[in-house]
Amino acid sequence: KPLGRKKLKDIRPEHIQRIYNNLNRKGYSRNTIELVSVVLSGMYKQALKNKVIIENPVPLATLPKISEHKEPRVMTVEEQRIFLECAKDSYLNDLFILALATGMRSGELRGLQWQDVDFKDKTIHIKNTLVYVNKDYLLDTPKTPTSRRDIPLIDNAVAVLKRQKLKQSENRMLLGDKWKNKEGLENLVFTTMTGYPINRDMLKQELNRVVAEIQKEHKEFKHITPHTFRHTFATRCIENGMPPQVLKTILGHSKLSMTMDLYSHVLPNTKATEIQKIANLF
């Protein structure tokens, strides 16, 4: 807890600066750090208006410069095959497959409810994201209007969801009273083995476990995060000719430029082939 139990009036610019620097060091994006700054600034502006404090420390801190652009970690087709093979015994195997088949964000996957899965039309309706606030789980609305969207499902993803539904029903019956739903979140598609919501740390921990198993035989296999699934999905779509505007709507990006950024690491690998398409013009 960066601010600990300090009172608002005791927070100085260096405390805010420390938050920014820590987030930057941990690899958070510029957008995330700016969002933290906006939240803090709004809170202190209101406190200043209410005369709880005499100065707003937020503008006196400096947002760190993100000078080095990190290429997103994307699994190759072979790495994706290796990962899925090794993850078969994971209790989150179906979540991993759906992530690679839809490009859904971590919170969207963990907050997905059965009523948002349309098996008839083979569509997922993204309406919520699971968040953990004040030691409690709750469903929040997606961060942007474009994040609320419908994602069409390939047949393999439909089969995975049907398997997950059957597996969940069997676990519920088998555990009986030991199946512990979180009140208000009884219909989550993906839960722990006992029915409770999955937080980000649980997902990362299981992902790290699978990768550690992979690295026993494939030492060159690099670390991946939940966001790797999203980048990998987008890359497979790009490689197979999906138009940027279509991919934008599936990913729920608010701007086309965000989608085009994903193209930057794929296009260099295909430009030599693509340029041959104009060869007959000369």
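Hi everyone, let's start at one pair of residues: Asp 118 stands opposite Thr 123 in β2. One thing to keep in mind is that this is a predicted model.

That pair sits where β1 and strand β2, residues 123-126, come together in the antiparallel sense, over 2 bridges. β1 and β2 belong to an open sheet of 3 strands, ordered β1-β2-β5 and paired antiparallel. Which strands stand at the edges? They are β1 (117-118) and β5 (149-152); each has a single partner strand, so one side of each has no neighbour in the sheet.

Now for the helices. The axes of α4 (residues 93-102) and α6 (residues 155-175) come within 10 Å, crossing at roughly 155°. Angles over 145 degrees count as roughly antiparallel, so that is how α4 lies relative to α6. The crossing is left-handed.

And who touches whom? From α4 we have Asn 93, Asp 94, Ile 97, Leu 98 and Ala 101, and they meet a set in α6 that includes Val 160, Leu 161, Arg 163 and Lys 167. By class, this contact has 6 nonpolar, 3 polar and 3 charged residues.

Notes. Residues numbered from 1 in each chain as written. Predicted model: local features only at pLDDT ≥ 70, side-chain atom pairs only at ≥ 80, totals over all residues. Heavy atoms only, no water. Axes fitted to C-alpha atoms, helices over the stretch in contact; angles between N-to-C directions. Helix = DSSP H or I, 4+ residues; strand = E, 2+ residues; numbered from the N terminus. Parallel < 35°, antiparallel > 145°, perpendicular 65-115°, else oblique. Left-handed = near helix turned anticlockwise from the far one by under 90°. Contact = heavy atoms within 4.5 Å. Nonpolar A, V, L, I, M, F, W, Y, C, P; charged D, E, K, R; others polar. Pairing = 2+ DSSP bridges.
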